[in-house]
Amino acid sequence: MLQKLRRRVTGATIAMWIIGFAILAVVVYGMASTIVSARYTPKVWVDLVIFGLAQGSVYALIALGYTMVYGILRMINFAHGEVFMAGAYIGYFIATAFDQSGFLERYFILAQLLIFAGAMTVSATIAVLLERIAYRPLRRAPRLVPLITAIGASFFLQYSFRGFFGSGVKGYPEPEQLKGTITVLGISILKTQALVIVAAIVMLLALYTLVQRTKTGRAMQAVSEDKDAAALMGIDVDRIIVITFLVGGALAGAAGVLFSTLFRQVFFLTGFIPGLKAFTAAVLGGIGNVAGAMVGGLFLGIAESLFPNLVLDGLGIPAPYQLKDALAFLLLVLVLIFRPTGILGERLATKKA
Amino acid sequence: MTASSVSVPLATSSGSRWSPVIKIGLLGGIVAIYLALVGILTALANRMIITGVISLGQIILLSVFILFGYMAAQRAAAKQAKPPIAWCLLSGAIAGLIISLFLSALVVIAPAINLRSIFINASPELFELLTFGLGVPTGLFVLMGVGVVVGALSAGLFLLPD
């Protein structure tokens, strides 16, 4: 038994444990310092959690697209962030037109539904076109080829939108109905954050219902398990792949509108960082796992919101909030090192190569 | 009756003949609109290839007609031992015409709906380039004529012997 243990536990494993414990110790020390110093009131923590939930909801919606495509094609669609950006732009143009005509404030709910519908339609269309033009011809190619194509498609979309709409930052309109706060269970929440969280929950539930309770969803699961066997069972694999991209694109479009509502700005690089963070969230939750993407997105959003103040401030690092992006990608590296399967998922490697 | 004595007629539906050509024309139209609105044509409009005659922007515009005219002829001649000359030339011309119709629609509609508030390159400079500086409607007829002629010529390129 000792020999077995010696074979399994190598020097590298021990080094990884030491590094892991060291990181954990630093994090715990930082958290303890912050809490003991009582620098922040409970209201501040609650505000940070709520903001993290809102931000995480957006990440979750984008991450679903990554995870669904990976689940079916075993491919990371790096252009998905730009599909999200397209949704943000379309949402901006529709919202601006409604705002200028007064429709946005007069018929707020209808206007919001139309904004979502427009953004989701365009984003879904772009996602389907991407699949048809850039990915389908490469389905039998080695894995690296569609990955590079996805990166190329991402840059193509980014700079096409820059060409179409300019490089300036566009300000998303804020209607009166979204100004101020509401109180839920004694907690004061910004109306924009409440809208983002509620809309995201509705869409996440709708997707979960689609995947778990419909024939199409079962077909998606079957194709994700084994494409060839699914084809032999009579499932139209191409159609299911198109539907996957359609649904992922639509969710990304909705996420674009929610992101614009939350942060009130849109420009051609809007999709880059959130896209990468959503990929991190998908990996964190377990790439290929729909529930994992939801959990990963919410976890990342809350971690990004809380950790700078909770950990870095306690370690005496100045301006900790500026490191939130670094924190998100550090989390990706740590997850890939210590728990490559993610919280709920399969290893991001060659499980079904 | 044996299998060898049964002759299978070729598919001669006129709808199926036009369909590939129209699809190529539509695709070419979308590409041309993309190049126009993304700003490539206007960005290169001041780079003269032959000073006072033709600019790089115009060359790129013409290359769309050439490429899709060639592709239309290719599709028209597909699966045929001897490409029908008249049909190939006509296909190239039709593809060129469809592309020029797309661009003409852009020139007419864009100022009417203030498309520039969304697409920053839907500018007077773009419309001047597309109409060869001749304005509306003369420039549009010239554009259509150029589309038809260049499309047919590039189809002729396809028909040249190897």
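## Briefing: a predicted model of chains A and B

Leaving aside neighbours within four places in sequence, A:Gln55 is in contact (heavy atoms within 4.5 Å) with A:Leu262, A:Phe263, A:Gly301, A:Glu304, A:Ser305 and A:Lys324. This is a predicted model, in which local features need pLDDT of at least 70, side-chain atom pairs count only at pLDDT 80 or more, and totals for chains, interfaces and linings use all residues. Residues are numbered from 1 along each chain as its sequence is written, chains are lettered from A and ligands numbered from 1 in the order in which they are written, and side-chain values use heavy atoms, with hydrogens and water left out. As for overall scores, the model comes in at ipTM 0.83 and pTM 0.87.

**Around A:Gln55**

- A:Gln55 sits in helix H3 (residues 42–73) of chain A; helices here are DSSP runs of H or I with at least four residues, strands are runs of E with at least two, and both are numbered from the N terminus.
- With a relative accessible area of 3%, A:Gln55 is buried; that label means under 20% relative accessible area, while exposed means over 50% and partly exposed is in between, using a 1.4 Å probe and protein chains only.
- A:Glu304, one of the contacts of A:Gln55, also forms a salt bridge with A:Lys277, and their closest N and O atoms are 3.0 Å apart. A salt bridge here is a side-chain nitrogen of Lys or Arg within 4 Å of a carboxyl oxygen of Asp or Glu.
- A:Lys277 lies in helix H12 (residues 272–285) of chain A and A:Glu304 in helix H13 (residues 290–312) of chain A, so this pair ties together parts that are 27 residues apart in sequence.
- Both A:Lys277 and A:Glu304 are buried.
- A:Lys324, another residue that A:Gln55 touches, meets A:Asp325 in a salt bridge at 3.5 Å, N to O.
- A:Lys324 is buried at a relative accessible area of 19%, whereas A:Asp325 counts as partly exposed at 26%.

**Other salt bridges**

- Over all chains, the count comes to 11 salt bridges.
- A:Glu176 pairs with A:Lys179 in one of these salt bridges, with 3.0 Å between the closest N and O atoms.
- Both ends of that pair are partly exposed: A:Glu176 has a relative accessible area of 47% and A:Lys179 has 36%.
- There's also a network of salt bridges linking A:Glu131, A:Arg136, A:Arg139 and A:Asp238.

**A hairpin and a helix in chain A**

- Strand S2 (residues 181–184) and strand S3 (residues 187–190) of chain A pair in the antiparallel sense over 4 bridges; two strands pair if DSSP finds at least two bridges between them.
- A:Val184 has A:Ile187 in S3(A) as its bridge partner.
- S2(A) and S3(A) make a hairpin with 2 residues between them, and A:Leu185 in the turn has a positive phi of about 55°.
- H4(A) is mostly covered, with 17 of its 22 residues buried.

**Chain B**

- Chain B has 6 helices and 2 strands, running α-α-β-β-α-α-α-α from the N terminus on.
- The C-alpha trace of chain B spans about 70 × 35 × 25 Å along its principal axes.
- Chain B has 162 residues, of which 39% count as buried.
- Among contacts in chain B with a separation of 6 or more, 70% are between residues 24 or more positions apart.

**Confidence in chain B**

- The average pLDDT (the predictor's confidence in each residue, from 0 to 100) is 87 for chain B, and 91% of the residues score at least 70.
- Residues 1–12 of chain B have pLDDT below 50, and that stretch has 1 contact in the model beyond near neighbours in sequence.
- Where pLDDT is low, the predicted coordinates should not be read in detail.

**Where the chains meet**

- The contact takes 8 residues from chain B and 8 residues from chain A.
- Chain B and chain A bury about 650 Å² between them, 71% of it on carbon and sulfur atoms; buried area is the accessible area (1.4 Å probe) that two parts lose on being put together, summed over both.
- The salt bridge count between chain B and chain A is 0.
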